[in-house]
Amino acid sequence: MITSLHRSLLALALVIGFAALTRAEEPVSFRKQIAPVLLSNCLACHGPKKAEGGYRIDTFERLTGEGDSGSAGFTAKDLDGSEAFRRMASDDQSERMPLEADPIPKEQLALIERWIEQGAKYDADNPKADLATIVPPPEHPPAPETYPNTMPITALAFSPDGEALYASGYHELTVWNVEDGAMLRRIGNVGERTYALAFSPDGKTLAVASGAPGRLGEVRLLDAAKGELKSVLATAADVMFDVAFSPDGKQLACCAADGVIRIFQMPEGKELRTITSHSDWVTAVAWSADGKRLISASRDKTAKVFDVETGDLVITYSGHGQPVKGVAFHPDGKEAYSGASDKKIHRWKIEDGKKSADVGSFGDEVYKLVAAGETFIATSADKSVRQYDLKSHKELKKYAGHADWVLSAAYNAKTKRLATGGFDGEVRIWNTDDGKQTTAFLAAPGLPLAEKGK
């Protein structure tokens, strides 16, 4: 005899069974669910910079192809014929991927298994596109309420009115009062490390170049007034090192550790072109005064000048013989400056790529070159910051006092204030009229300057 209780239990079992069946039949999204797992666990050993076993996963076309083993990484509806999955799920630590790392969690393996069984379908547009460019932008974890240690200050930017200073943090930007160094606010949901900040000429948009080394690079556009995310303009498989608006604000250029320079039309955010002339990290970009040319610095030991309209290479400068970290145009547009790991700044001619002068004398490698009105600022690992006249390259001032490498700088023409950031997390603000320091603080929430080094 079937009681009402039995009927209820049977109905419940049918509902649960139907729900489970429905979940199992739901299509797995490659771009939303599979690509992020592969980028997090596999890219370091199977990407464009390193391809263990001749196998790469940085595009869908490559990850479904073969490595040196002659077996396809992933084959639709064939688990045994999917060599990459077989090795991910292997119990043999000598062959399991990722090698010498924690195994991929079982729930993620089950997801990949379902995807293969469903046909290993690709749900983005271009199978040749970098995986990092097709995954939905991540929601980044919150920054710690109180920092346990300082963070290197790799990026700084003044607000357009010069009253606030934006600094790089851990998954956030911190904003500080320029006069007394008090923290004003914190802006979260940015990449793990921020390498460059740039305000649009109208002051309404803040571009943030950031990323997690070897895993992800992003350029996020924030509403400058509210600190809210407007869009993720660009993504890459490695960190974004620099970002710069054209003088008229109608274009934006960014560069990354993947060796690519990307140029976008603003405010639409449409990608106009990519430039792949460099063979290694592109560490800095800068616009000419007329916005017609772009100069770049790279770890491939060169600086290059490009025609913005066509993307064509104008000239390559190879005079440093060491990684180039910073670049700037001479005001006449006929020459350029570049600073590098050889502890030098060179001035050189764009027409023929020949050096015209050595600029300054540094005790260690040169980092950023930052335009500052009719001057430019150079930061260095010798713990100094120097200011030069753009036309004559004469040294105007030397700002000393940092106890560690000076990685970043920012200048505000309205207030004539200079901000400099060190590897030890210290920010110093200077009056460029007399070269004197006005304030200093640690850009690390919860760590007062007095506790530095403890």
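Start by selecting arginine 56: at 24% relative accessibility it counts as partly exposed (between 20% and 50% relative accessible area with a 1.4 Å probe, protein chains only; buried is under 20%, exposed over 50%). This is a predicted model, where local features need pLDDT of at least 70 and side-chain atom pairs count only at pLDDT 80 or more, while totals for chains, interfaces and linings use all residues. Residues are numbered from 1 along each chain as its sequence is written, and side-chain values use heavy atoms, with hydrogens and water left out.

The structure holds 18 salt bridges.

Next, pick glutamate 172 and arginine 186, whose side chains form a salt bridge at 2.9 Å, N to O. Glutamate 172 sits in strand 3 (residues 170-177) and arginine 186 in strand 4, so the pair ties together parts 14 residues apart in sequence (strands are DSSP runs of E, at least two residues, numbered from the N terminus). Glutamate 172 is buried at 3%, whereas arginine 186 is partly exposed at 31%.

Then jump to arginine 262 and aspartate 258, another salt bridge at 2.8 Å, N to O. Here arginine 262 is buried at 7% and aspartate 258 partly exposed at 25%.

Strand 10 (residues 261-265) and strand 11 (residues 270-275) pair in the antiparallel sense over five bridges (pairing takes at least two DSSP bridges). Look for isoleucine 263, whose bridge partner in strand 11 is arginine 273. In the turn of this hairpin, glycine 269 has a positive phi of about 80°.

How values were computed: Helices (H or I, at least four residues) and strands (E, at least two) are DSSP runs, numbered from the N terminus. A salt bridge is a side-chain nitrogen of Lys or Arg within 4 Å of a carboxyl oxygen of Asp or Glu.
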